[in-house]
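Work through the exercises below with the sequence and the model at hand. Each task is followed by a solution in steps.

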Amino acid sequence: MIPFNIPCITGKEETYIHQVLSNKKFSGNGPFGEKCKDWLEWRLSSKKALLTPSCTAALEMAALLADLKAGDEVLMPSYTFVTTANAFVLRGATPVFIDIDPQTMNINTDLIEQAITPHTKAIVVVHYAGVSCDMDKVMDIAEKHGLFVIEDAAQALLSTFKGKELGTLGHFGTFSFHETKNYTCGEGGALLINDSHYIERAEIIQEKGTNRSQFKRGQVNKYTWQDIGSSYLLSELNAAYLLAQLRTADTIYEDRMESWNHYAEGLQPLIEKGKIDVQQIPDECQHNAHMFYIKTADLEEREDLRAYLDRKGIMAVPHYEPLHSSPGGEKYGRSAGGEPLTKREGERLLRLPLYYGMESEDVGYVVEHIQKYFKE
């Protein structure tokens, strides 16, 4: 079986974890955590990076920093993982779901402004498959209406929009280091603070609502409860694993891109014949080869192809069920307009195996059997 994903291992992870064991410092914000934050701030030109236990936790911190509360509304795509909405529902805010652009599966920026009400406080964009939204348009709308912009860049580390790193364009950016992501530590995430005004409060929220970070830097002689917060630190063991990934980031990137390009070239004849569609990369976007997906004619064909590939030893998988029509979405959120494209395009989408170290022969095998399916 060719699996859909294999968690990335670069070779230095075990060495770094043994160093943590020798250091006897396991909790968050240790030496390895600091090196990871330094790398993120350097590579992304970020004002401040904080490591978190997950992208979910980073989104929760963003919701706290934006002071969201009951009665507030947050605009977001319906085609996303549940935590994009949950982080804001936990603050009492209402997710307002917006349809997608079928070319990228990102939020349709043409529909954002008409969904704004006096209760709207933030726009959450999701850079699906590591491909950016039109961030110029999003930021212009946000500035016009005085809204926060939060980038759910869970899949998008090292992707760019007009040469600028995703996660650095909104007020806050969030990343995932889950085992399914390009760069992983099993479970982990990061929050980027792109407005210096929020750095001090972000550190307090991350440290259970205390000014412990200032205490560690010698800025105060004791730390005390200052604000609401929670335990939003990534353990030093996870950070050690992550550092090995970040220091090999370009190698991982190039390896995944090679597989992505192999898929694109091999499936081009089917695209030209109109048998399948594939993800579109706008000219101003550079993606990170997080995902390669195809779209079939409809749900029935997708499931038939999926079963065929499974019989051939290939694990291909669909993705999200739309949030607006889910039980949780109907209970806690509302739809801005029915989201017909979210449903239709989501039912056509099938993700192909893609991971660091995937053999060229395996990519070729997947391409071969997709071609055979459409010839039979």
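**Exercise 1.** Is Tyr293 buried or exposed?

*Solution.* The model is a predicted one. Step 1: the relative accessible area of Tyr293 is 1%. Step 2: buried means under 20% relative accessible area, so Tyr293 is buried.

**Exercise 2.** Classify the aromatic pair that Tyr128 and Tyr293 form, and state which parts of the chain the pair ties together.

*Solution.* Step 1: the search of the whole structure gives 14 aromatic pairs. Step 2: one of these is Tyr128 with Tyr293, at 5.9 Å centre to centre and with 50° between the planes. Planes under 30 degrees apart would count as stacked and those over 60 as edge-to-face, so this pair is tilted. Step 3: Tyr128 lies in the loop between strand S6 (120–126) and helix H5 (135–145), while Tyr293 is in strand S14 (residues 293–295), so the pair ties together parts that are 165 residues apart in sequence. Step 4: Tyr128 has 0% relative accessibility and counts as buried. Step 5: ring pairs also link Tyr128 and Tyr293 with Tyr79 and Tyr320 into a cluster.

**Exercise 3.** Find the accessibility class of Tyr308 and of Tyr373.

*Solution.* Step 1: Tyr308, at 5% relative accessibility, counts as buried. Step 2: Tyr373 has a relative accessible area of 13% and is buried.

**Exercise 4.** Which residues line the largest cavity, and how do they divide by type?

*Solution.* Step 1: there are 3 cavities of 30 Å³ or more. Step 2: the largest cavity has a volume of about 60 Å³. Step 3: its lining consists of Ala154, Gln155, Ala156, Leu157, Phe175, Ser176, Phe177, Lys181, Asn182, Tyr183, Asn288 and His290. Step 4: this lining divides into 6 nonpolar, 5 polar and 1 charged.

**Exercise 5.** Describe the largest pocket by volume, lining and contributing elements.

*Solution.* Step 1: the volume of the largest pocket is about 550 Å³. Step 2: 30 residues line the largest pocket, and Phe81, Gln155, Thr180, Lys181 and Tyr320 lie nearest its centre. Step 3: helix H3 (55–65) and helix H4 (82–89) are the elements that give two or more residues to this lining. H3 gives the most, with 3 residues. Step 4: by type, the lining of the largest pocket divides into 11 nonpolar, 14 polar and 5 charged.

**Exercise 6.** Where does the charged end of Lys35 sit?

*Solution.* The charged end of Lys35 sits over the ring of Phe32, 5.4 Å from the ring centre.

Methods: Residues are numbered from 1 along each chain as its sequence is written. This is a predicted model: local features need pLDDT of at least 70, side-chain atom pairs count only at pLDDT 80 or more; totals for chains, interfaces and linings use all residues. Side-chain values use heavy atoms; hydrogens and water are left out. Rings of Phe, Tyr and Trp (its six-membered ring) pair if their centres lie within 6.5 Å; planes under 30 degrees apart count as stacked, over 60 as edge-to-face and the rest as tilted. Helices (H or I, at least four residues) and strands (E, at least two) are DSSP runs, numbered from the N terminus. Buried means under 20% relative accessible area, exposed over 50%, partly exposed in between (1.4 Å probe, protein chains only). A charge sits over a ring if NZ of Lys or CZ of Arg is within 6 Å of the ring centre and within 35 degrees of the ring normal. On a 1 Å grid over the protein atoms alone, a cavity is a set of points where a 1.4 Å probe fits but cannot get out, and a pocket is an open set with protein on both sides within 12 Å along at least five of seven lines; lining residues have an atom within 4 Å of a point. Grid points are joined across faces, edges and corners, and a volume is the space filled by probe spheres set on the points. Ala, Val, Leu, Ile, Met, Phe, Trp, Tyr, Cys and Pro count as nonpolar, Asp, Glu, Lys and Arg as charged, and the others, Gly among them, as polar.
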